[in-house]
Amino acid sequence: MAEEKSKRDCIGMNMKGGLTNNGFVQNEDILEKDLGPGSAASSPQYCTACILGPEEPGLRDIQPYAGMPKEVLFHFSGQARYRLPREILFWLTVASVLVLTGATIAIIAISPKCLDWWQAGPMYQIYPRSFKDSNEDGNGDLKGIQDKLDYITTLNIKTVWITSFYKSSLKDFRHGVENFREIDPIFGTMKDFENLVAAIHDKGLKLIIDFIPNHTSDKHDWFQLSRTRTGKYTDYYIWQNCLHENGTIIPPNNWLSVYGNSSWHLDEVRKQCYFHQFTKEQPDLNFRNPDVQEEIKEIIQFWLAKGVDGFSFESVKFLLEAKHLRDEAQVNATQILGTVTNYSQLYHDFTTTQVGMHDIVRSFRQMMDQHSSEPGRYRFMGTEAYGDTIDRTMMYYGLPFVQEADFPFNDFLTRLDTPSGNGVFQAITSWMEHMPEGKWPNWMIGGPDRARLTSRLGKDYVNIMNMLLFTLPGTPITYYGEEIGMGNILATNLNESYNVDTLLSKSPMQWDNSSNAGFSEGSHTWLPTSSDYHTVNVDVQETQSTSALRLYQELSLLRADELLLSRGWFCYLRTDNHSVVYTRELDGIDRIFLVVLNFGASSQLNVKEMISNIPNRARIRLSTNSANKGSEVNTHAVNLDKGEGLLLEYDTKELLHHQTEFRGRCFVSSRACYSSILNVLHSLC
């Protein structure tokens, strides 16, 4: 008993008096050694072998100290005053992690879908033969486009759209493709194209290109092999037997080409007729042949691998024809059969939009999706279906759970031949009212196969149409030269034998007032430049504060900066033969953009009659007349000159799309609300 008490006293002294500090022993195994009787460690008063239990009185008066042994540390860690703070911190950490995780999930759940690159900014369509000549041969080329990328960025463009540049025998270089994997030498080389793609991406831009899957040139290798019935190429095109009567070829049916007359042509090599929806030099591919579909998909993959960000698929409504080959019905049933030669004289129920055509287009979409897995590399897909009814056009958006095109290109505004508020209103509402819910609209006012805006409506309407383009919801698309108000050239002195009507809107881009409008330093150009290039050109308009180009740049920048324009609701208020009035607004932003466009003679509008709660004064954010910018108007009497447009701004908490009287006149593609406190968009509207 005495020995045991001595040991306990020893431990108590060591811990209380600090004579031995086992916390700094580097190897505790040393303590386990069998020490000799003469060693200091064998003395009872330096004993460290026995530890008191926590209930024993030897530890009651000891305080924690630096370097305490783990046995003492364990003793103190079990005490409530040390255990409770530790447990509280632990559960606070767990709770914080759970709250942050829940908040992240909630933010993701309520956040609206971000705009993709093809939605976030304008597209700029370039006809490459007419944009910029870099080698003085009178033809625009890929290097010329690359040289002008800095100019394109000044327009706040996000996407460059280049029309067909494939190797082709047709002078128009649009549809008769000889080789889908080659650049036509007139535009440069594949290396030039690769350099252009890299330069476009370096500028933070995207690139989409035309693709025409419906037909090829009759000089394409596939057609040459098909006409000789070589292997799998035998049925790459649509062949049928033709009858011969009295030296006249009788086609299989009454189907007509888009350009008129029979869409069947006898091939002297194969001794059969082949089908062509367009010219006889453009035979239609047989898309009911799986090998043809695979060939086209491989071509799509080829260009995606080159870095292309998307495609405009053209003429897709012609991909399939009815297998039964029955005659199409005449528009005028009493017309004599032999006189039906114009395309518009038939109902094309068997040669356009056949069952299965959309399945082929969706297969293109699936191919694009396979190359869209990388962040920021979504591949865009647009379809061209010009001339279709609005209902058929909307089918290219796809089904609710089956994606097709991101959007079919909207040419409705390009069909306006006279300035008319009613015409503009009809073009806008027909698209917005028929567009499937959640889909994204787009707008264009010109294109390579349409007369230019100034030639259709007049120079007075260039600015107002560009204001319309940038203040409507959706993606604005500009055909090169529309930003400066270029017009058609006169149909004289054309060196090309192709359809003249398709060339008038393809004149060389007007860069400055030097020879050939700065388009080429060569002695000639493939088409003549417009006679007004001395005053209508980029160089002059960049220095004029009142120019069409400066207004275009301001509109483009405003659309990029303002959520009201990029994400907001569109509500139309009034339309007549002269004016179009609509608003752009967004939940969470207590102001509204009011757009007033005058397509008639000088007039005065009482906006107060349209919006009862509008203030008596509204600010002019932008005007087609730059002198009015920054001033105010009386909303009881807004004066507008011919072709004038105003972008007004006023403060309010009463948004129109919440009001019953406007609810049927308001549209939004992607619903979103703005939180000014958090400075974020959300979907809890």
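Before the strands, a rule: two strands pair if DSSP finds at least two bridges between them. Helices (H or I, at least four residues) and strands (E, at least two) are DSSP runs, numbered from the N terminus. This is a predicted model, in which local features need pLDDT of at least 70, side-chain atom pairs count only at pLDDT 80 or more, and totals for chains, interfaces and linings use all residues. Residues are numbered from 1 along each chain as its sequence is written, and side-chain values use heavy atoms, with hydrogens and water left out.

Strand 9 runs antiparallel to strand 10 (residues 272–275), and four bridges join them. Which residue of strand 10 is the bridge partner of His265? That is Tyr274. Leu266, in turn, stands opposite Cys273 of strand 10. The hairpin of strand 9 and strand 10 has four residues between the strands, and Lys271 there takes a positive phi near 65°.

Thr575 has Val580 of strand 19 as its bridge partner. Axes here are lines fitted to C-alpha atoms, for helices over the stretch in contact, and angles run from 0 to 180 degrees between N-to-C directions.

Now the helix pair. Helix 14 (residues 462–471) packs with helix 16 (residues 548–561) at an angle of about 10°, and their axes are 10 Å apart. That makes the two helices roughly parallel, a term for angles under 35 degrees. Helix 14 contributes Val462, Asn463, Asn466, Met467 and Phe470 to the contact, and helix 16 contributes Ala548, Leu551, Tyr552, Leu555, Ser556 and Arg559. By class, the contact has seven nonpolar, three polar and one charged residues. Ala, Val, Leu, Ile, Met, Phe, Trp, Tyr, Cys and Pro count as nonpolar, Asp, Glu, Lys and Arg as charged, and the others, Gly among them, as polar.

Last, the spaces. On a 1 Å grid over the protein atoms alone, a cavity is a set of points where a 1.4 Å probe fits but cannot get out; a pocket is an open set with protein on both sides within 12 Å along at least five of seven lines; lining residues have an atom within 4 Å of a point. Grid points are joined across faces, edges and corners, and a volume is the space filled by probe spheres set on the points.

The largest pocket has a volume of about 1100 Å³. Its lining has 41 residues, and Val258, Phe278, Glu384, Tyr386 and Gly387 lie nearest the centre. That lining has 13 nonpolar, 15 polar and 13 charged residues.

How many cavities of 30 Å³ or more are there? The count is two.

Note on methods: Parallel < 35°, antiparallel > 145°, perpendicular 65-115°, else oblique. Contact = heavy atoms within 4.5 Å.
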